[in-house]
Amino acid sequence: MLVKKLYGSSMKKVLKQAKSELGEDVVILSQKTLPEGEIELTVAVEPPRGSRSRDTNGLEEEIGEIKQILLSLVEEQEVLRLGKAALFLYQELKQKGLSKKIAYQVVQELSQGIEPDELMKKEVMEKELRRFFCSRIATTEPLAEEKLCIGLLGRTGVGKTTTLAKLASIERFQRKRRVGLISLDGEKVGSTEELQRIGKILDVPVAVAYERKELSKVFELGDRVDTLLVDTPGKRLGEKGLREKLFDMMTLCPHAQFHLLLSPHYRKDVLLEDLETYDRLSLKSVILAKMDETRQVGSLMDAMLSHPVPLSWMTTGQNILRDILPVNRGMLLDMMMEA
Ligand SMILES: Nc1nc2c(ncn2[C@@H]2O[C@H](COP(=O)(O)OP(=O)(O)OP(=O)(O)O)[C@@H](O)[C@H]2O)c(=O)[nH]1
Ligand SMILES: [Mg+2]
């Protein structure tokens, strides 16, 4: 039952207002003339169906919240058993963007074999955290001496083409290798021109496969170079066009290796979805893109700990001759803890 008080200069006017606001079914509960002569009308009405279900939803939400609180209390009890230092660290890690699950794993492992008082010391805790992250997430350096065929994968706009240009520049100018660029993206307006422009700046050959049937011709470029860098469209792996082209690429380049670009801007569920789907191609590494744009890397760290794939490079800007460097896990951890 919805109860409301309404005011007006006459009974007729207030009743009219009550009916227009609450409908024809209003029931008058009381009426009063205030000292200033104003009429106060108290009316009641059955809430419409929609709002009743909103109330139920509200209740469900409240129960959900209470459940969450109880669960985290239980969890914190568990953590508390590990000691005050563990609880303190657990809460800090959650605040930095790690999920409860990963934060719990961290404190559980850190508490093993170390005196609780020791963990209270900042330098000990930092050293232990670093050891934990390094033991869980590997790093790799994919630019090896042998012939290379490197495919860059990831969502639209994550930085694939820019990163490809950066790697091409390292290969061409620092490692003095023969480089070729291939685009599997025949659809995006301007993508071919973009790659041609990069090819021209770096003075390396470029080939584009618009259609699947063109792939074998395009990959002949691999015979003439040491490093083939392959740009892909920012499509999901589930999309047939891309999946088929990538499988063909693996046939044409048996030594092909795939690298997934992830940005710290993505939500954790998006990061995990990408890691899980693209890892069906046995990812060689994850490249952390656009690391110059935020210091909030908690979700990214959480995703990497939930689905570990070695980290290789991180990109830090738009300059293709400069803004890429090997991942430093200590630096990543510092970024997370200082954010
Ligand atoms: N700040 C910053 N910007 C970057 C970085 N890498 C790429 N960008 C910018 O991000 C935008 C998209 O980069 P692209 O390389 O075109 O991204 P893409 O993944 O090839 O995009 P699609 O081809 O559309 O799938 C461009 O404006 C780049 O200059 C980086 O490390 N830091
Ligand atoms: Mg691109």
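Modeller: In this predicted model, three strands make up an open sheet whose order is 1-3-2, with antiparallel pairing. Strand 1 (2-8) and strand 2 (27-33) each have a single partner strand, so one side of each is left without a neighbour in the sheet and they stand at the edges. From one strand to the next the twist averages 20°.

Colleague: How do you know that strand 1 and strand 3 pair, and in which sense?

Modeller: Pairing requires at least two bridges between the strands, and strand 1 and strand 3 (residues 39-45) are joined by seven bridges in the antiparallel sense, so the two count as paired. As one example, the bridge partner of Lys-4 in strand 3 is Val-43.

Colleague: What makes strand 6 and strand 11 edge strands of the other sheet?

Modeller: That open sheet has eight strands in the order 6-5-7-4-8-9-10-11, and its pairing is mixed. Strand 6 (206-208) and strand 11 (324-326) each have a single partner strand, so each has one side without a neighbour in the sheet. The twist here averages 25° from one strand to the next.

Colleague: How many bridges join strand 5 to strand 6, and are these strands parallel or antiparallel?

Modeller: Strand 5 (residues 179-183) and strand 6 run parallel and are joined by three bridges; because at least two are needed, they count as paired. Within strand 6, Ala-207 is the bridge partner of Ile-182. Helix 7 (residues 160-174) packs on this sheet, touching several strands, among them strand 4 (148-153), strand 5 and strand 7 (227-231), and its direction makes about 170° with that of strand 7.

Colleague: Why are the buried residues of helix 14 said to line one face?

Modeller: The buried residues in helix 14 (residues 329-338) are Leu-332, Leu-333, Met-335 and Met-336. Seen down the helix axis they fall within an arc of 155°, so they line one face of helix 14. The face turned away from that buried side carries the exposed residues Gly-330 and Glu-338, while the buried residues pack against helix 6 (122-136) and helix 13 (298-306).

Colleague: Why is Gln-318 called partly exposed?

Modeller: Gln-318 has 13 other C-beta atoms within 10 Å; a residue is exposed at 12 or fewer and buried at 20 or more, so Gln-318 falls in between. Gln-318 lies in the loop between strand 10 and strand 11, and, leaving aside its neighbours within four places in sequence, it is in contact with Thr-162 and Asp-323.

Colleague: Why do Asp-203 and Ser-282 count as exposed?

Modeller: Asp-203 has 9 C-beta neighbours inside 10 Å and Ser-282 has 10; because the limit for exposed is 12 or fewer, both counts qualify. Asp-203 lies in the loop between helix 8 (191-202) and strand 6, and Ser-282 in the loop between helix 12 (268-278) and strand 9. Most residues other than glycine have a negative phi, yet Asp-203 has a positive phi of about 60° and Ser-282 a positive phi of about 50°.

Colleague: Which residues come nearest to ligand 1?

Modeller: Of the 20 residues around ligand 1, the nearest are Gly-159, Thr-161, Thr-162, Gly-234 and Thr-315. This shell divides into two nonpolar, twelve polar and six charged residues, and helix 7 gives the most to it, with three residues.

Notes
Residues are numbered from 1 along each chain as its sequence is written. Chains are lettered from A and ligands numbered from 1 in the order in which they are written. This is a predicted model: local features need pLDDT of at least 70, side-chain atom pairs count only at pLDDT 80 or more; totals for chains, interfaces and linings use all residues. Helices (H or I, at least four residues) and strands (E, at least two) are DSSP runs, numbered from the N terminus. Axes are lines fitted to C-alpha atoms, for helices over the stretch in contact, and angles run from 0 to 180 degrees between N-to-C directions. Two residues are in contact if their C-beta atoms, placed from the backbone, lie within 7 Å. The arc is that of the directions from the helix axis to the C-beta atoms. A residue is near a molecule or strand if its C-beta atom, placed from the backbone, lies within 6 Å of it. Ala, Val, Leu, Ile, Met, Phe, Trp, Tyr, Cys and Pro count as nonpolar, Asp, Glu, Lys and Arg as charged, and the others, Gly among them, as polar.
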